[in-house]
Amino acid sequence: MLSQLTASPRLSDRMDATGGRPTGFDYLRFGLATLVICFHAIITCYGPEVQRDITSSFPGVAWNLILPMFFALSGFLVAGSLERQKSIAVFLGLRVFRIFPALAMDTLVCALLLGPLLTTLPLADYLSHPQFHAYFQNILGIIHFELPGVFDSNPSHKVNGQLWTIPVELECYIVLGVLGLLGLRRYRRVMLLIFCALLAYSQAKIQLRGEDAHLGRVLLLCFCSGVSFYQFREFIRLNAVAALVALAAAVACLAYPKAGYFMALPATYVTVYLGLLNPRKSTFLESGDYSYGIFLYGYPLQQVVVQLVPFGREWYGNLLLSIPLALLFAMASWHLVEKRVMAHKAVLFTLHQGWTTLLERLKSSGPSRIG
């Protein structure tokens, strides 16, 4: 196996062969977003207790791979974005363009469309309720899950239960941006050392305090692992057998919570292996990146289906109805909001160039001298 592994292509080889745009990541993003909806069919139809029971069983523990793979994928791709940008401000600006406009629209749709239609409160009481006003903080990434009188009779009362990952994702971008601002992106060994230190510290807390792995910290480590994989892409080789071994190792870490943080490395290997595959891109995926919209609208639409459609209160009925609905909303989000916003990303480069030119002029003029 060792000889097969050393003869396998490197990550960098696969990226060069695909022009830096392997289609596997497009399929993986879409697939993981759809699996998030599948996973949430448990909690929306049967409640959080049933979800905990299923995900704590050995077969069900594999569900917990979805979000770590999402964050590993994000770390790998965002590290490439950071490397391509000469300015940390532009890098962070691109993240803002990608995250917040669609999140704002999702918040408005839930608060101003779904809420008034589905609340059990009189409309005036709904609109004047403090919970309604607080919900708009979601636009800023300050997450609130419930709206007054909405989904109160459902097994889960949350409107956007999946949004708890948004602050974790923003934390990842901020940490990476700060490290880049400090110049550490040019010193990948230092970045790797920081990741290893964070992994060791997190695992030591488990051993010393006897606690299980915290999912938010697992996601942060998976993101950092994805960044490290990208930075050391010319040393890491892709091999199908190694990917299967890594998948088994990741599931084993999930099954044993006290080893949960170690899961970051094998989960990242599986993610990058699948992402760097390069199948022919379908016409549907060519038309847009719908993964973020599926993630945003899946949960609230599943809740709508549970409340309004008896058939949708079983997991199979819920998926049959909610996945097409989520896809329709995601397509609208991409073509009406996300695509239009990203079309103006050149503004960030223009602003950066203008600011750089201004600083250079001020520096070249220097302080005026007398005599």
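Select Glu234 and Arg188, whose side chains meet in a salt bridge with N to O at 2.5 Å; a salt bridge here is a side-chain nitrogen of Lys or Arg within 4 Å of a carboxyl oxygen of Asp or Glu. Because Glu234 sits in the loop between helix 11 (215-231) and helix 12 (240-255) while Arg188 belongs to helix 10 (residues 188-209), the pair ties together parts that are 46 residues apart in sequence. Helices are DSSP runs (H or I, at least four residues), numbered from the N terminus. Glu234 is partly exposed at 27% relative accessibility, and Arg188 is partly exposed at 24%; buried means under 20% relative accessible area, exposed over 50%, and partly exposed in between (1.4 Å probe, protein chains only).

The model is predicted, so local features need pLDDT of at least 70, side-chain atom pairs count only at pLDDT 80 or more, and totals for chains, interfaces and linings use all residues. Residues are numbered from 1 along each chain as its sequence is written, and side-chain values use heavy atoms, with hydrogens and water left out.

Next, select Asp26 and Lys281, which form a salt bridge at 3.2 Å, N to O. Asp26 lies in helix 3 (residues 24-46) and Lys281 in the loop between helix 13 (264-275) and helix 14 (283-286), so this pair ties together parts 255 residues apart in sequence. Asp26 is buried, at 18% relative accessibility, whereas Lys281 is partly exposed at 26%.

Finally, select Glu338 and Arg98, a salt bridge whose closest N and O atoms are 2.7 Å apart. Glu338 is buried at 3%, and Arg98 is buried at 15%.

Notes:
Helices (H or I, at least four residues) and strands (E, at least two) are DSSP runs, numbered from the N terminus.
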